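Work through these exercises with the model open beside you. Try each task before you read its solution.

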Amino acid sequence: MNLRRVVVTGIGALTPIGNTVEAYREGLFNGVSGADFITRFDAEKFRTKFACELKGFDPEAFMEKKEARKLDPFAQYALVSADEAVLDSKVDLSKLDTARCGVIWGSGIGGLTTFYEEVSNFAKGDGTPRFNPFFITKMIIDLSAGHISIKYGFRGVNYSTVSACASASNAIAEAFNYIRYGKMDMMITGGSEAAINQAGIGGFTAMRAMSERNDDPKTGSRPFDKNRDGFVLGEGAGALVLEDLEHAQKRGAKIYAEILGTGMSADAYHITAPHPEGLGVQLVMNNALSDAGINANKVDYINVHGTSTPLGDVSELIAIQKVFGDDAYKLSISSTKSMTGHLLGAAGAIEAIAAIFAIQYGTIPPTINHFEDDPEIDPKLNLTFNKSQKRDVNIAISNTFGFGGHNVSIIFSKFTSD
């Protein structure tokens, strides 16, 4: 079977360190922390009192107030980032075969804010069921993809992926395959999440998964640092327009990067803890390299999952050293969650964009908030601590893993016409 080449022709980003693609890129390369004390609600009684919230986001700047009220924040974020990506792609929607254009969108939790508010209001009442008529349609995850397809009239494949923190990467991988196998010409894909609320913060702190560094929230996310104590919850969205190469070239589209291949695997080990030797992570990267048809020594940069948890950071680096051998020391490696926090189901989308930035601008975004080396981590690995580094990047991997042992790796490359 002749596989078609798949390229990225549009990007949209709504993140804790920038509400546009350009602002996000500047925040990444300048090592900006998006963490601060929570403003969304009074977190005084919570063990973790900080998060990576969006700053200055007003949905009514992008949609009518009446429309915004029908959408949970995660769906608002999805529409805003998708719109930036579509505008960026400069596609003439009137000239598309919309039956061959689709949407696959990821979210790990979906409308948690809506669910929390509606159930809380009911619990405070006298038992009379008074629910918002849009309660269900605001809450369910698949409506993000539905709203995007309705907005642009895309009548092809349309659904959402749910694999916890790997959700957006699964969405991108699925969209890639639909184009590669000739079933679609163009896809809008990515992910969004909006879990910074009492239920989200309370639930994750009950798991002891999040940082409790309330004395210094801006440095709470410390991937690979000896004193890391958990992830920092983030929110936002990332969107990519993927396109068949021939389709893109015919309309004269600019091309950011090409997707060479993807890999998926399962840890089959524990619902939240990674395998200590990173067996699932080894498998997913090997699967991606095989799918792309390249050797490990061709990779220049890995945007790692790197959540700032004691076990996860070490197991991922062990897996990288197993897969890459001595070539691991030639890699540039960084965790951009040190800046954005962990966007859960949206993480794979904004981190895919970070990998594309590394290729496009020849710059590795840093792992900020590094203060003390972890003796369990090989000091010869280049983890891009604290400052971005210039480097020509031809091939980059984005790794994303989710609770339940879901693993996804996506391989991007600099586009060449050969």
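**Exercise 1. Is Lys 151 buried, partly exposed or exposed, and where does it lie?**

Step 1. Start with the cover. Lys 151 has a relative accessible area of 44%. Buried means under 20%, exposed means over 50%, and partly exposed is in between (1.4 Å probe, protein chains only). So Lys 151 is partly exposed.

Step 2. Find the element. Lys 151 sits in helix 6, residues 143-152. Helices (H or I, at least four residues) and strands (E, at least two) are DSSP runs, numbered from the N terminus.

Step 3. Look across the chain. Asp 83 is 68 residues away from Lys 151 along the chain, and their C-alpha atoms are separated by 9.2 Å.

Before going on, note the ground rules. This is a predicted model, in which local features need pLDDT of at least 70, side-chain atom pairs count only at pLDDT 80 or more, and totals for chains, interfaces and linings use all residues. Residues are numbered from 1 along each chain as its sequence is written, and side-chain values use heavy atoms, with hydrogens and water left out.

**Exercise 2. Describe the place of Thr 340.**

Step 1. Thr 340 belongs to helix 12, residues 337-340.

Step 2. Its relative accessible area is 0%, so Thr 340 is buried.

Step 3. Leu 54 is 286 residues away along the chain, yet the C-alpha atoms of Thr 340 and Leu 54 are separated by 9.7 Å.

**Exercise 3. Which residues have the most contacts inside the largest nonpolar core, and which elements build it?**

Step 1. A nonpolar core is a set of buried Ala, Val, Leu, Ile, Met, Phe, Trp, Tyr and Cys residues joined through side-chain atoms within 4.5 Å.

Step 2. Read the core. The largest one has 45 residues. Those with the most contacts inside it are Val 8, Tyr 24, Leu 28, Leu 242, Ile 259, Ile 356 and Phe 412.

Step 3. Assign the elements. Two or more residues each come from strand 1 (6-14), helix 1 (21-29), helix 7 (167-180), strand 7 (236-244), strand 8 (257-266), helix 13 (347-361) and strand 14 (406-413). Helix 13 gives the largest share of this core, 10 residues.

Step 4. Recall the general pattern. In soluble globular proteins, nonpolar side chains tend to be buried together.

**Exercise 4. Which side chains meet in salt bridges, and how much cover do they have?**

Step 1. A salt bridge is a side-chain nitrogen of Lys or Arg within 4 Å of a carboxyl oxygen of Asp or Glu. The structure holds 25 of them.

Step 2. Take Asp 313 and Arg 228. Their closest N and O atoms are 3.4 Å apart. The pair links distant parts of the chain, 85 residues apart: Asp 313 is in helix 11 (residues 310-324), and Arg 228 is in the loop between helix 8 and strand 7. Asp 313 is buried, at 0% relative accessible area. Arg 228 is buried too, at 7%.

Step 3. Take Asp 392 and Lys 414. Their side chains meet at 2.8 Å, N to O. Asp 392 lies in the loop between strand 12 (389-390) and strand 13 (395-402), while Lys 414 is in the segment after strand 14. Lys 414 is partly exposed, at 30% relative accessible area.

Step 4. Take Lys 95 and Asp 92. This salt bridge has an N to O distance of 4.0 Å. Lys 95 counts as exposed at 70% relative accessibility. Asp 92 counts as partly exposed at 36%.

Step 5. Look for a network. Salt bridges link Arg 4, Arg 100, Asp 185 and Asp 244.

**Exercise 5. Which residues other than glycine have a positive phi?**

Step 1. Ala 164 is one of them, with phi near 55 degrees. Its place is in the loop between strand 5 (158-161) and helix 7. Ala 164 counts as partly exposed, at 22% relative accessibility.

Step 2. Phe 224 is another example, with phi near 75 degrees. It lies in the loop between helix 8 (198-206) and strand 7. Phe 224 counts as buried, at 1% relative accessibility.
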